Amino acid sequence: MNPFYKDYSEYIAEIFPDFKVQKLSVNTSRSCPNRDGTLSTGGCIYCNNRSFTPGYCFSGGSVAEQLRDGKRFFARKYPEMRYIAYFQSFSSTYGEGLKQDLADAVSVDGICGIVVGARPDCLGPEVIEILKEYGRSLPVFVEIGVESLHDNILRLINRGHDAATAIRAIRNCADAGLHVGVHLIAGLPGETDEMILDTVRRTCDLPIGSLKMHQLQVLKDTPLAAMTESGEVAVTGYSLEDYLTLCVRIVEAVPRHICIERFLAQAPPAMVISPKWGIKNYEFTNLLLNRLSKS
Ligand code: SF4
């Protein structure tokens with residue numbers, strides 16, 4: 001067991017104590033209200049969606065086909081493994097088809113849970129009711145993209161929702177019995193370490209089960225890349241050492257009952273402008289554990 005914070009393996013073993021599980025990402029080719037013109041067409045200034053969708057999701061297959069492909073990938077090595085369908089790309093609760101997607105996912109043998117990634121403003125009563133219904137037969141996790149609880153930062157990154165909307169979505173999902181995870185970004189333009197820690201603390205006062213952090217990455221072909229290039233905004237630009245220091249403070253701020261799922265984003269290196277740390281998630285975790293053991 002990780003002595004410093006509840007990590008993802010501990011969290012998931014509490015929920016699935018009898019078998020090992022693996023997340024399988026699914027692409028439903030949904031859009032996002034911050035890209036399709038409903039809120040804006042540019043999206044969040046850092047967003048380049050291809051950076052976080054695994055290659056096997058571009059097959060264009062149905063939800064069930066993608067999950068079976070993913071299962072084949074892992075089942076050779078781990079035949080007893082069960083799987084969590086992870087609806088990650090864009091906002092998986094946006095638009096029509098959520099009910100069908102979930103029905104397709106649970107029709108696949110070995111699916112024991114569902115994760116949906118969603119913007120806070122894509123978690124209205126109807127969506128929550130659908131998720132709640134599935135939550136009666138298997139664990140349903142909602143991963144809410146909160147990013148920051150500071151409205152001035154949310155405006156600057158063109159997020160298209162405010163902090164109050166995020167807080168309301170967290171509470172509504174928790175009230176529906178869903179496992180709530182929150183996604184935050186460290187190093188957004190204009191956000192100091194103290195503001196990040198304030199967001200972390202206020203988020204941890206809400207009914208959440210897990211937290212997923214990552215460093216801001218400036219990716220090619222994003223508005224952020226153009227804005228930093230022109231000098232319109234400046235990003236914090238952490239060194240690896242500075243980010244480790246911040247993560248130590250984040251661990252200290254997060255109560256032991258809340259899982260910290262990860263600290264690092266890993267877009268394909270060819271897409272990354274900065275930071276170029278060249279480090280994998282497990283390597284970062286090892287460095288952090290080392291730092292924590294000395295603090
Ligand atoms: S909500 Fe997600 S998918 Fe939509 S623009 Fe922002 S980061 Fe991209």
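Pro-275 is found in the loop between β9 (272-274) and α10 (281-294), where helices (H or I, at least four residues) and strands (E, at least two) are DSSP runs, numbered from the N terminus. The peptide bond that joins Ser-274 to Pro-275 is cis, with an omega of about -10°. This deserves a second look, because most peptide bonds are trans, and most residues other than glycine have a negative phi.

What you are looking at is a predicted model, in which local features need a pLDDT of at least 70 and side-chain atom pairs count only at pLDDT 80 or more, while totals for chains, interfaces and linings use all residues. Residues are numbered from 1 along each chain as its sequence is written. The mean pLDDT of the protein (the predictor's confidence in each residue, from 0 to 100) is 92, and 95% of its residues reach 70 or more. Over residues 54-58, however, pLDDT stays under 50, and for this stretch the model has nine contacts beyond four places in sequence; two residues are in contact if their C-beta atoms, placed from the backbone, lie within 7 Å.

Turning to the whole chain, the protein has ten helices and nine strands. Its radius of gyration, which is taken over C-alpha atoms, is 18 Å, close to the 19 Å that the globule rule (2.2 Å times the number of residues to the power 0.38) gives for 295 residues, so the protein is as compact as a globular protein of that length. The C-alpha trace spans about 50 × 50 × 40 Å along its principal axes. Among contacts with a separation of 6 or more, 82% are made by residues 24 or more positions apart.

How are the strands arranged? Seven of them form an open sheet with parallel pairing, in the order β1-β2-β3-β4-β5-β6-β8; two strands pair if DSSP finds at least two bridges between them. At the edges stand β1 (21-26) and β8 (259-262), each with a single partner strand, so one side of each is left without a neighbour in the sheet. Neighbouring strands of this sheet are turned by 25° against each other on average, direction ignored. At one end of the order, three bridges join β6 (residues 210-215) to β8 in parallel, and Lys-212 stands opposite Arg-262 in β8. Further in, six bridges link β5 to β6 in the parallel sense, with Ala-186 opposite Gln-215 in β6. Six bridges also link β4 and β5, again in the parallel sense.

Helices lie across this sheet. Helix α1 (residues 8-15) lies across β1, β6 and β8 and runs at about 120° to β8, whereas helix α4 (residues 125-135) lies across β3 (111-118) and β4 (140-147), running at about 145° to β4. For these angles, axes are lines fitted to C-alpha atoms, for helices over the stretch in contact, and angles run from 0 to 180 degrees between N-to-C directions.

Which parts are covered? A residue is buried if 20 or more other C-beta atoms lie within 10 Å of its own, exposed if 12 or fewer, and partly exposed in between, with C-beta atoms placed from the backbone. By this rule 41% of the 295 residues count as buried, and in strand β5 (residues 179-186) six of the eight residues are buried. Beyond four places in sequence, Val-142 touches several residues, including Val-116, Leu-131 and Val-180.

Arg-119, in the loop between β3 and α4, is buried, because 26 other C-beta atoms lie within 10 Å; leaving aside neighbours within four places, Arg-119 is in contact with Ser-91, Gly-145 and His-161. Glu-147 lies in strand β4, its bridge partner in β5 is Leu-184, and its phi is near 70°, a positive value in a residue other than glycine. Asp-221, in the loop between β7 (218-219) and α8 (223-230), likewise has a positive phi, near 60°. Glu-147 is buried, since 26 other C-beta atoms lie within 10 Å, whereas Asp-221 is exposed, with 11.
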